[in-house]
Amino acid sequence: LPDPVAERGLRELVAVRQVGGTMAPITAEQFTVTLENMARAWEDLPEDTRLPKDEEKSFFDDCKQTCLEIIQRWHSGESSHQDREELAAEYKNSPEGAEQLRKDLYSIREDPFVAAADLNLRLVKYTAVPRD
């Protein structure tokens with residue numbers, strides 16, 4: 001049987017080569033955890049108070065403000081992410097830090113685990129009936 005951890009390491013190595021030899025500071029695994037945490041937060045809300053299904057969009061469709069909010073949570077300690085201190089050290093709590101995070105996330109958006117977590121977030125976040 002294939003070793004999923006080894007396979008993931010190989011995928012990240014391939015990604016390093018595809019982006020010109022440098023690894024994005026946030027890994028696909030770290031961002032997957034972030035998306036999963038976001039989905040859990042939305043799951044805590046009643047379905048009818050979440051966003052309308054007809055407004056569904058990917059995290060990547062409009063993420064600049066969300067990137068800044070994620071960084072603010074890492075810096076304040078409000079985030080439950082196990083790597084929040086490392087990530088806060090990597091990304092400044094500023095619009096420039098948010099732009100760098102956005103660029104780094106775009107470089108890993110095709111990772112299958114990231115794509116699956118993004119889809120799950122959409123399924124959880126957008127459950128309310130359309131607005132009038």
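This is a predicted model: local features need pLDDT of at least 70, side-chain atom pairs count only at pLDDT 80 or more; totals for chains, interfaces and linings use all residues.

Where is asparagine 37 found? I find asparagine 37 in helix H2; helices here are DSSP runs of H or I with at least four residues, strands are E runs of at least two, and both are numbered from the N terminus. Numbering starts from 1 along each chain as its sequence is written, and side-chain values use heavy atoms, with hydrogens and water left out.

Entry 1, asparagine 37. I looked up its accessibility: asparagine 37 counts as buried because its relative accessibility is 18% (buried is under 20% relative accessible area, exposed over 50%, partly exposed in between, with a 1.4 Å probe and protein chains only). Leaving out residues up to four places away in sequence, asparagine 37 touches Ser80 and His81 (contact means heavy atoms within 4.5 Å).

I checked the axes of H2 (residues 28-43) and H6 (residues 112-125): they come within 9 Å and cross at roughly 10°. The axes are lines fitted to C-alpha atoms over the stretch in contact, with angles from 0 to 180 degrees between N-to-C directions. H2 and H6 are therefore roughly parallel to each other (angles under 35 degrees). On the H2 side I noted Phe31, Leu35 and Trp42 among the contact residues, and on the H6 side Phe113, Leu121 and Val124 are among them. Sorted by class, this contact has 11 nonpolar, two polar and three charged residues.

How many salt bridges does the structure hold? I get seven, taking a side-chain nitrogen of Lys or Arg within 4 Å of a carboxyl oxygen of Asp or Glu. In one of them, glutamate 55 pairs with arginine 131, with the closest N and O atoms 2.6 Å apart. Glutamate 55 is in the loop between strand S1 (51-52) and helix H3 (64-76) and arginine 131 in the segment after strand S2 (126-128), so the pair ties together parts 76 residues apart in sequence. Glutamate 55 is partly exposed at 34%, while arginine 131 is exposed at 55%.

I also found arginine 122 bridged to glutamate 56, at 3.7 Å between the closest N and O atoms. Arginine 122 sits in helix H6 and glutamate 56 in the loop between S1 and H3, 66 residues apart. Lys53, Glu56, Asp118 and Arg122 link up in a salt-bridge network.

Note on methods. Angles under 35 degrees count as roughly parallel, over 145 as roughly antiparallel, 65 to 115 as roughly perpendicular and the rest as oblique. Ala, Val, Leu, Ile, Met, Phe, Trp, Tyr, Cys and Pro count as nonpolar, Asp, Glu, Lys and Arg as charged, and the others, Gly among them, as polar.
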